[in-house]
Amino acid sequence: MNRRVRELSERFGIPREAFDRLAAVEDQETVFVGTPEVMEFDAVRPMRRGIRLARVYPYSLKPTTFGMQVLGGQATRNVIDVSDEQAKLLINGGALSTDVEADNGFVLIRWRGFVVGVGFYKRPVLKSQIPRFRPVE
Amino acid sequence: MQKSELRTRRLDNMTTHSRVFPEAFVERYSRFIPDFDAFLDAMQRPLRRTFRVNTLKATRQQALDLLTDLKPEPLPWYELGFSLNQGEGLGKRIEHFIGLIYVQEAASMAPPLVLQPLPGERVLDIAAAPGSKTTEMSAMMLNTGIIISNDPSPTRVRGLIGNVDRAGCLNVAVCRMDGTSLGRAVAGTCDRVLVDAPCSSEGTIRKSVKALERWSVTAIERFPSIQKRLILAGYHALKPGGLMVYSTCTVAPEENESVVAHLLKRQPEAEVRAAGLPSLIMRPGLREWGRESFPDAVGRCRRILPQDNDTEPFFLALIRRPA
């Protein structure tokens with residue numbers, strides 16, 4: 001298992017089996033994850049292989065919202081459950097105050113059982129790290 | 001009703017429609033579209049909002065449980081497709097943002113269903129943006145194997161990547177290349193190929209009147225040359241025994257049957273198979289247009305007409321490269 005993937009798997013308690021049939025590659029400080037066939041495809045040079053899983057910074061690894069939406073479903077640690085209104089607020093780039101059992105640092109924001117994206121938690125403030133597209137109402 | 005009365009009524013209807021549709025449009029398509037008045041009526045009705053449940057993110061039931069307030073009605077021919085009477089704001093819902101659903105026109109869901117990509121296969125989607133069919137095939141393949149999803153336009157490819165991300169497709173390699181060059185680069189290696197060709201998009205008239213304002217025979221004439229190159233490129237990308245779907249959302253025979261006939265002329269061994277989906281009404285392809293007669297096999301192409309299933313018009317051809 002790729003060490004970056006292991007790091008994410010440990011922080012969020014995602015079972016390693018979730019990554020069993022996947023391959024990860026690191027390219028220009030970004031970790032991509034996809035099927036082995038996608039990662040090995042070399043007939044041409046694709047613009048993108050699979051999904052961006054994380055961004056590598058000198059002292060941290062920042063998981064991506066889209067990567068975690070698809071692979072964070074089985075997470076057991078550092079997950080913060082939110083209500084409908086809180087989910088909308090965070091998706092629209094807001095922050096909220098909440099005192100929950102989670103380590104400071106990157107967390108997964110879960111709404112009705114689905115990971116909606118990544119947040120940054122510094123007790124008691126949860127700040128959205130979700131990319132902003134069109135507003136959610 | 002007597003024959004003469006029927007004719008007068010038909011002419012009256014055509015006059016009414018002529019106020020909406022260009023005369024050349026009515027003249028061209030009344031020549032071969034069955035139930036032509038019903039066709040024109042349907043083309044003037046706004047499309048119902050439709051969506052597909054993305055099983056890479058949620059089960060059908062999970063998505064339906066979250067959307068009960070919208071009262072989705074299942075499409076009769078696709079268990080993951082739904083229509084809404086009031087679909088306003090669907091794209092602003094959390095369910096859409098996190099990719100549990102994908103807003104997609106109903107007929108546009110058909111080409112992947114006819115192609116039937118299987119888990120673990122190598123699939124080429126040669127003109128993929130904005131990614132509706134790539135993401136649909138990704139779910140059909142259970143996020144395994146590989147879809148080489150291509151679009152040459154820098155702007156459109158950004159939208160394609162955004163949709164692949166939102167839908168959670170781990171089995172997609174996105175390329176931005178000329179389709180002909182890509183077809184050559186992967187020649188003989190693909191189990192299935194989708195050529196959802198760029199077209200004059202007459203089907204989108206139901207989405208926007210502007211499409212009708214842009215309509216002209218000259219606009220149609222811009223597309224067949226690229227369509228012919230793409231269908232050949234797609235065919236060359238197939239493994240022996242592989243399957244290809246050629247599709248457009250347009251009615252013009254020059255962009256449909258003529259393109260398939262061009263493939264058959266260049267690759268006479270190619271087999272056109274009759275495509276069908278239970279409960280989706282499809283009509284056979286034309287056997288002639290203008291001064292052009294098409295081979296018998298072209299009759300096995302399929303036309304989806306708006307009056308039959310309350311969708312956009314669509315054209316489909318299922319083609320096999322012999323083993």
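Two residues count as being in contact if their C-beta atoms, placed from the backbone, lie within 7 Å. Keep in mind that this is a predicted model.

Q: Which residues does Tyr246(B) touch, not counting residues up to four places away in sequence?
A: Start with the largest nonpolar core, which has 120 residues. Tyr246(B) is listed there among those with the most contacts inside it, along with Val195(B) and Leu316(B). Leaving out residues up to four places away in sequence, Tyr246(B) touches Val195(B), Ala197(B), Ile231(B), Val259(B), Val260(B), Ala317(B) and Ile319(B).

Q: Within what arc do the buried residues of α4(A) fall, seen down its axis?
A: Helix α4 of chain A covers residues 84–91, and its buried residues are Ala87(A), Lys88(A), Leu90(A) and Ile91(A). Residues three or four places apart in an α-helix point the same way, because there are 3.6 residues a turn. Here the buried ones line one face of the helix, since looking down the axis of α4(A) they fall within an arc of 165°.

Q: Which element of chain B do the buried residues of α4(A) pack against?
A: On the chain A side, they pack against β6, β8, β9 and β10. Chain B joins in too, with residues 94–97, and that element is α5.

Q: What is the bridge partner of Arg48(A) in β7(B)?
A: Across the two chains, 31 residues of chain B are in contact with 29 residues of chain A. Strand β3 of chain A pairs with β7(B) in the antiparallel sense, over two bridges. In β7(B), the partner of Arg48(A) is Val174(B).

Notes
Residues are numbered from 1 along each chain as its sequence is written. Chains are lettered from A and ligands numbered from 1 in the order in which they are written. This is a predicted model: local features need pLDDT of at least 70, side-chain atom pairs count only at pLDDT 80 or more; totals for chains, interfaces and linings use all residues. A residue is buried if 20 or more other C-beta atoms lie within 10 Å of its own, exposed if 12 or fewer, and partly exposed in between; C-beta atoms are placed from the backbone. Helices (H or I, at least four residues) and strands (E, at least two) are DSSP runs, numbered from the N terminus. The arc is that of the directions from the helix axis to the C-beta atoms. Two strands pair if DSSP finds at least two bridges between them. A nonpolar core is a set of buried Ala, Val, Leu, Ile, Met, Phe, Trp, Tyr and Cys residues joined through C-beta atoms within 7 Å.
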